[in-house]
Protein chains: 6
Amino acid sequence: MGTKERVVIKLSGSLFGDNAADELKKYARMLLEISSETQPVVVAGGGNVARHYINIARGFGSDEASLDIMGIEVSRLNARLLIAALGDNAYPAVPSDLEQVSQAADGGKIVVTGGLHPGQSTNATAALIAEKVKAKKFLNATDVDGIYDSDPNKNKGAKLFKDITVKKCFELLGSENSAAGTYDLMDIVALKVIERSKIPTVVLKSDPSTIKNAIANKATGTRIIV
Amino acid sequence: MGTKERVVIKLSGSLFGDNAADELKKYARMLLEISSETQPVVVAGGGNVARHYINIARGFGSDEASLDIMGIEVSRLNARLLIAALGDNAYPAVPSDLEQVSQAADGGKIVVTGGLHPGQSTNATAALIAEKVKAKKFLNATDVDGIYDSDPNKNKGAKLFKDITVKKCFELLGSENSAAGTYDLMDIVALKVIERSKIPTVVLKSDPSTIKNAIANKATGTRIIV
Amino acid sequence: MGTKERVVIKLSGSLFGDNAADELKKYARMLLEISSETQPVVVAGGGNVARHYINIARGFGSDEASLDIMGIEVSRLNARLLIAALGDNAYPAVPSDLEQVSQAADGGKIVVTGGLHPGQSTNATAALIAEKVKAKKFLNATDVDGIYDSDPNKNKGAKLFKDITVKKCFELLGSENSAAGTYDLMDIVALKVIERSKIPTVVLKSDPSTIKNAIANKATGTRIIV
Amino acid sequence: MGTKERVVIKLSGSLFGDNAADELKKYARMLLEISSETQPVVVAGGGNVARHYINIARGFGSDEASLDIMGIEVSRLNARLLIAALGDNAYPAVPSDLEQVSQAADGGKIVVTGGLHPGQSTNATAALIAEKVKAKKFLNATDVDGIYDSDPNKNKGAKLFKDITVKKCFELLGSENSAAGTYDLMDIVALKVIERSKIPTVVLKSDPSTIKNAIANKATGTRIIV
Amino acid sequence: MGTKERVVIKLSGSLFGDNAADELKKYARMLLEISSETQPVVVAGGGNVARHYINIARGFGSDEASLDIMGIEVSRLNARLLIAALGDNAYPAVPSDLEQVSQAADGGKIVVTGGLHPGQSTNATAALIAEKVKAKKFLNATDVDGIYDSDPNKNKGAKLFKDITVKKCFELLGSENSAAGTYDLMDIVALKVIERSKIPTVVLKSDPSTIKNAIANKATGTRIIV
Amino acid sequence: MGTKERVVIKLSGSLFGDNAADELKKYARMLLEISSETQPVVVAGGGNVARHYINIARGFGSDEASLDIMGIEVSRLNARLLIAALGDNAYPAVPSDLEQVSQAADGGKIVVTGGLHPGQSTNATAALIAEKVKAKKFLNATDVDGIYDSDPNKNKGAKLFKDITVKKCFELLGSENSAAGTYDLMDIVALKVIERSKIPTVVLKSDPSTIKNAIANKATGTRIIV
C-alpha cells in the first residue's frame with residue numbers, strides 16, 4: 001500500500017465550470033488509468049465560481065486574506081466534484097493541511113485536494129504537496145501549452161520553451177508587468193519550492209492525453225530544469 | 001452583551017446569485033438597522049451554485065448524503081459573502097455546529113451560518129438554531145409571499161394564509177405530490193421543531209422591508225400558529 | 001480491504017441497559033459471524049440513560065436542541081460499549097460525522113457509531129449512513145416485530161406487514177396521533193432518505209438470530225419496498 | 001469581565017444520580033449566589049452512570065485507559081446537566097482541555113467541565129484546573145465531611161482533621177490498603193498539584209450551604225495546609 | 001471591546017534565545033504600554049531552537065515542508081513564552097490559523113501567534129495577519145536597522161533607506177544572490193501582500209523603544225511606501 | 001496489518017539534545033530492526049529544550065499547568081525528529097491523544113508520540129499508552145541502569161535491583177525526599193497504571209543494544225514484577 005511512485009497534478013479551476021460534467025469524466029478515466037503505475041495526488045484550482053465570490057466580497061471591502069479563504073473553499077468544492085467522479089478510487093475526503101494530505105496518500109488511493117493556505121496559490125500549494133509526499137513528478141496543467149518567452153495571447157511570435165531553468169523562470173517573472181501581481185506571486189513561491197526540493201516539474205496544457213504523455217515521460221509542454 | 005432578543009432569519013439561496021452584490025448590500029443595511037433592537041442569527045441557503053455542484057455530482061453517481069454536504073459547503077460560502085457585506089458588525093467566522101452557533105451568538109454580533117448537517121434542509125437547521133439560541137422569532141424568507149392553499153405558480157386562484165396552524169401545515173404537505181420529496185421532507189422537520197419548541201414563525205417574501213415589518217410585528221406573509 | 005458489501009444495522013438503545021453485559025456479548029458474536037461475508041456498520045440508540053439525562057434537563061427548561069445533543073452523547077457511550085465487546089474486530093473510535101463514518105468504514109473493520117446530528121433520530125442517521133457508505137441493506141432492529149397496521153400494544157388484532165411500500169408507511173405515520181411527535185418526525189426523515197436512495201430496508205425485532213436471518217435474506221420482520 | 005476571583009469546585013458524581021433534578025436545582029441556586037463575588041469553575045464527577053458503563057466494559061476485557069475515557073464522557077454529560085440547570089449563567093459548552101477551560105473562564109460566566117484526561121481522576125483534573133485558572137480556592141466536595149485519620153465507615157472513632165499538611169496527607173494515603181488503588185492514585189496527583197502550586201484547598205461535605213460557608217472562609221471540612 | 005486600532009509586530013526569533021528571560025520582560029512591558037492606545041498582534045519567529053531541529057531533520061533527509069512545520073511549532077512555543085510574560089494581558093492561547101487570529105483579536109487583548117503555514121515565512125504570515133485584522137501598521141522588527149541598498153555586514157558603506165517603494169524592494173531582492181533563497185522567498189510574498197492591501201509597513205531594529213517610536217509615528221528604520 | 005505484538009518504549013528527552021543527529025540515527029536503526037518482530041510505539045521526552053522554555057516561563061510567573069503544556073509541545077517536536085529519522089517506516093504525524101495513538105498504531109507502522117496531558121509525566125503517559133494499545137512490554141529507557149535502592153549519584157554503594165515488586169517501588173518513592181517532587185509524582189501514576197493493567201515493565205539504560213536485549217527478553221536493567 002502506498003508504494004507506487006507519486007505524481008502531483010495541479011488542475012486548473014477552469015475544468016470545474018459549465019462543462020465539468022463531461023470534462024471530469026475524462027479526467028477521472030485518465031487518473032484511473034495512470035493509477036495502475038503511479039499514485040496521483042491532485043490539486044484542484046478555484047476557477048469561475050471562486051472569482052464570482054471573490055469579486056463580490058472584494059466589492060464589499062473584504063480583506064484579501066479572507067478572499068483567499070473563499071477561493072480555497074471553492075477549490076475544495078471542486079475537489080469534491082472530482083472525488084465524486086472517481087468514486088471508490090479516490091480517498092473520500094478533502095485533506096485540509098499538509099499532514100492530512102500525507103496521511104491520506106498513505107492509504108494508496110487517488111487523493112484530491114484544493115488550496116490549503118491563504119496567501120498561497122494552488123500552484124505553490126501543489127509544489128509544497130509534491131515536497132511533502134515526496135512526489136517523483138509535479139505536473140502543472142494549465143490553460144496554455146507551457147511557458148513562453150512572452151505572453152502568447154498578446155504576442156503572436158511568442159516562443160514556447162521545451163526546457164527552462166528555474167533561474168530563467170525567475171527572470172521572466174521579474175520582467176512581467178506588475179498588474180499581473182497575483183499571478184507571479186504564486187509562481188515565485190512555487191518556483192522556490194521546486195528549486196529547494198529539486199522536484200521534476202512540467203508545465204503543460206491541461207488535457208488527459210497530454211497528462212498521460214507527461215506521466216510516460218514523453219516530451220510535452222515545458223520541463224523546468226532544477 | 002448578548003442580552004437583546006434574538007431572531008433567526010433563513011435567507012433563500014437565490015439572494016446569493018448573479019445580483020448578490022446589490023442584494024446583499026441591502027440586506028446588510030437592513031440587518032444592521034434591526035440589530036439595534038434585536039440580535040439577528042441568519043442562515044444562508046445554497047441556491048444556484050449549490051445546484052450546479054449537486055447536479056454534476058449526482059450525474060457521477062454520488063450518494064445523496066455527499067450531495068447534501070456539497071450543498072452545505074456552498075451555503076457556508078454564501079454565509080461568508082454576507083459576513084463580508086456586514087463587515088465588523090458580523091461574527092467573523094461561519095459556525096459549523098449548533099454549539100458553535102450558540103457560542104458565536106453569545107458575543108452579541110450578527111451571526112451568519114449556512115447549513116449544518118446532511119439530511120437536514122437549511123429550513124430545518126434554521127428552526128433548530130432558533131431552538132438552541134432561544135430566539136423569540138423565526139422568519140423564513142422565501143421566494144413566495146407565504147404559504148398558499150395550493151401552488152400559486154400552477155393555480156391562479158391559490159389563496160395565501162395570513163395564519164395557519166402547524167396541524168394544517170402538515171395536512172398541506174401530506175397532500176403534495178410525492179415528486180416534491182426533498183421540499184416537504186425539510187419542511188416537515190422544520191415544522192416538528194417549531195411545534196415542539198413553540199417558536200413564533202413567519203413565512204414571508206424575502207425582501208428587506210418585508211423582513212423589517214415582520215420584526216416590528218406588522219402583519220406580513222403567513223404566521224404559523226403554535 | 002473494504003471490499004465486502006456493507007450493511008447498516010440500527011440497534012435500539014434498550015440493548016444498552018441493565019442487561020447490556022449479556023446482550024452485547026451475543027450481539028458481538030453475531031456481528032463477528034456476519035462480518036465474514038459483509039461489513040457491518042452499527043448505529044447505537046440512546047435508551048434509558050439518554051431518557052434519564054433528557055428528562056432532567058428538560059425539567060430545567062433546556063432547549064430541545066441541547067436535549068438532542070445529550071441523547072447523541074449517550075448513544076456514543078453505548079457505541080463505545082459495543083466497541084469494547086467487539087475488541088480488535090471493531091474500529092477503535094466512534095465517528096462523529098458522516099465523513100468520519102466513511103473513512104472508518106474504509107478500513108474494513110466493524111464500525112460502531114451513535115447519533116450524529118441534533119434534530120435527527122438515530123433511525124434517520126442510520127439511513128443517511130447507509131446512503132453514505134453505499135450499504136446494500138439497512139436493518140432497523142427495534143423492540144417490536146416490524147411495522148403493524150396499528151399499535152400492537154393497544155390493538156390485539158394489529159396486523160404485521162411482510163412488505164410495505166414507502167408510500168404506505170407515510171400514510172400510517174400521517175394517521176398517528178400527534179402525541180407521538182418525536183417518533184414519527186424521525187421516521188419520516190428516515191423514510192425519505194430510504195426513498196431517495198432506494199435502500200433495501202427491513203424493520204425487525206432486535207435479536208441476534210433474527211438479524212442473521214435478515215442478512216441471509218430470509219423473510220423476517222417487515223420489508224420496505226422502494 | 002473575568003476580574004472576579006475564581007474558585008474551583010469539584011462536585012461528586014453522586015449528585016447526578018436519581019435525585020439530580022432536585023439536587024442540581026439547589027446547587028445551581030448556590031452557584032448563582034456565590035457568583036456575585038467569585039467566578040465558580042465546577043468540575044463534575046462521573047458517579048453511578050460512569051460505573052455502569054465502566055463495569056460492563058471491564059467485563060468485556062476493555063483496557064483501563066478506554067474505561068477512563070468512558071468515565072470522562074459520563075462526567076461531561078453530568079456537566080451538561082448542571083449547565084442546563086444554570087441556564088444563561090453558565091458558559092454554554094463543556095471545555096475538553098485545559099486551554100479551553102481557560103478561554104471559557106475568560107468570558108466571566110460560570111464554567112462547568114467534567115474530566116479531561118484518561119489516567120487522571122476528576123480530583124486531580126480539578127486541581128490542575130485550579131492551577132491553570134489561578135483559582136484562589138479549590139473546594140473538593142465529597143460524600144464525607146472531610147479527611148479523617150481512619151476510614152469513618154469502618155472505624156467509629158475516626159477523627160476528622162480541621163487542618164492537615166500535605167505531608168500528612170501523603171502519609172495517610174501511604175498507609176491505606178492497596179485495594180483502594182484507584183482512589184489514592186488520584187489523590188496523590190491532586191495533592192502534588194496542590195503542593196507545587198500552593199492552592200488553598202478544602203475537602204468538605206457536598207452540600208450547598210457548606211460550600212457557601214467555605215467560600216465565605218468559615219471553618220468547615222478539612223483545610224489542607226500548603 | 002476590540003475598537004482600538006491594531007498593529008501587527010513581527011518579532012525576530014533571536015529574542016527567544018538565551019537572553020529570553022530578560023528580553024521578553026522588556027518587550028512585555030513595552031507591549032503593555034502601547035496597548036493603552038493600540039491593540040498589538042504579535043508574530044513570533046523561530047530562532048535558534050528552530051534551526052536546531054530543522055538542521056538535524058534535514059540531515060535525516062526530511063522534506064522541506066516538514067521542516068517548515070517544525071519551524072512553525074517552535075515559533076508557537078516562542079509565542080507561548082511571550083504570552084507567559086504578558087500574563088492576563090494576553091489572549092491565553094496561540095491561534096493556529098487566520099480565522100482564529102481574527103477571533104482572538106476580537107476579544108481586545110494582546111494576541112501572540114507564531115507561524116501559520118508551511119511554505120510561508122513568519123514575515124509573510126505577519127503581513128497576512130495584518131491584512132486579516134485590518135491593522136493600521138505592520139512593524140517588522142529585525143536584527144538590522146532597516147533595509148539597506150546592500151548587505152551591511154559585507155559592505156561598510158551600505159546605505160539605509162528612510163523610505164523605499166515596494167517596487168524598489170523587489171529590485172533589491174531580485175539582485176540578491178540565489179544562495180539567500182529562503183530569505184527572499186519570504187520577503188517577496190510579504191511584499192506582495194503589503195502591496196495588494198496597502199499596509200503601512202516599517203522595517204526596523206528590534207528594540208522596545210524603537211518599536212514605541214514607530215508606534216508613535218516617529219521616524220525610525222525603513223518605511224515601505226505603498 | 002497491526003498483528004505484531006506491540007512494545008511501548010519511553011525515550012529520555014536527553015537523546016534529543018546536541019548529539020541528536022548521531023543518537024537518533026542509531027535509535028532509528030534499532031527500531032527498524034526490532035520492528036520485524038514487534039511494533040514499537042515510542043514516547044519521546046522533553047529534555048533540555050523543554051527545560052529552557054519551562055524555566056523562563058516559570059520565572060514569568062506562569063502557572064504549572066501551562067508549563068506542562070510547554071513541555072508536551074517540546075516532546076512532540078522531539079517526536080517529529082525521530083519520525084524524520086525513521087522516514088517511511090514511521091507513522092507520519094504525532095498523535096495527540098490516546099485514541100489517536102490507537103488509530104495510528106492500527107496502521108502497523110512505528111508510532112512516535114510525545115506527552116499527551118498536562119499533569120502527567122511522559123512516563124505515566126507511556127504507561128497509559130501501553131494499556132491502550134495492549135502492549136506486551138513497556139520499556140522505560142532512562143539515563144541510569146535501572147532502579148537502585150538509593151540514589152547512585154550520591155551513594156556509591158547503591159544497589160541495582162534485577163527484579164522489584166510494584167509495592168517495593170512505592171516504598172522507595174515514599175522515602176524519597178520531597179524536593180524531587182515532580183519526579184516521583186510521575187512515577188507513582190506510571191506505577192499505578194502498570195499495576196492495574198499488569199504491564200510487564202523494564203526500567204533500563206537508554207542504549208540501542210540494551211533495548212534490543214530487553215526486547216529479546218535478555219536480562220537487563222530492572223524488571224518490575226506485577
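**Before you start.** Residues are counted from 1 along each chain as its sequence is written, while chains are lettered from A and ligands numbered from 1 in the order in which they are written. Because the model is predicted, local features need pLDDT of at least 70 and side-chain atom pairs count only at pLDDT 80 or more, whereas totals for chains, interfaces and linings use all residues.

**Stop 1: the sheet of chain E.** You will find 7 strands in an open sheet, ordered 3-2-1-4-6-7-5, with mixed pairing. Two strands pair if DSSP finds at least two bridges between them. At the edges sit strand 3 (111–113) and strand 5 of chain E, each pairing on one side only. On average, neighbouring strands of this sheet are turned by 20° against each other, direction ignored.

Now walk through some of the pairs:

- Strand 4 (residues 137–142) and strand 6 of chain E run parallel and are joined by 5 bridges. Pick L139(E) to see V202(E) of strand 6 opposite.
- Strand 6 (residues 201–205) pairs with strand 7 of chain E in the antiparallel sense, over 3 bridges. Here V203(E) has T222(E) in strand 7 as its bridge partner.
- Strand 5 (residues 163–165) and strand 7 (residues 222–225) of chain E pair in the parallel sense, also over 3 bridges. Look for I164(E) opposite I224(E).

**Stop 2: where chain A touches chain E.** Show both chains together. The contact takes 25 residues from chain A and 25 residues from chain E, where residues are in contact if their C-beta atoms, placed from the backbone, lie within 7 Å. On chain A, the elements giving two or more residues are helix 3 (64–86), helix 5 (122–132) and helix 7 (181–197). Which helix gives the largest share of this side? Helix 7 of chain A does, with 9 residues. By class, the chain A side has 10 nonpolar, 7 polar and 8 charged residues. Ala, Val, Leu, Ile, Met, Phe, Trp, Tyr, Cys and Pro count as nonpolar, Asp, Glu, Lys and Arg as charged, and the others, Gly among them, as polar.

**Stop 3: a helix pair in chain A.** Select helix 1 (residues 20–34) and helix 8 (residues 208–215) of chain A, which pack at an angle of about 15° with their axes 9 Å apart. They are therefore roughly parallel to each other (angles under 35 degrees; over 145 is roughly antiparallel, 65 to 115 roughly perpendicular and the rest oblique). Residues of helix 1 including Y27(A) and M30(A) meet residues of helix 8, among them P208(A) and I211(A). The contact divides into 6 nonpolar, no polar and 3 charged residues.

**Stop 4: a helix pair in chain C.** Finish with helix 2 (residues 47–59) and helix 3 (residues 64–86) of chain C, packed at about 155° with their axes 9 Å apart. That makes helix 2 of chain C roughly antiparallel to helix 3 of chain C. Zoom in on residues such as A50(C) and Y53(C) in helix 2, which are part of the contact with helix 3, including M70(C) and V74(C).

Key:
Axes are lines fitted to C-alpha atoms, for helices over the stretch in contact, and angles run from 0 to 180 degrees between N-to-C directions. Helices (H or I, at least four residues) and strands (E, at least two) are DSSP runs, numbered from the N terminus. Two residues are in contact if their C-beta atoms, placed from the backbone, lie within 7 Å.
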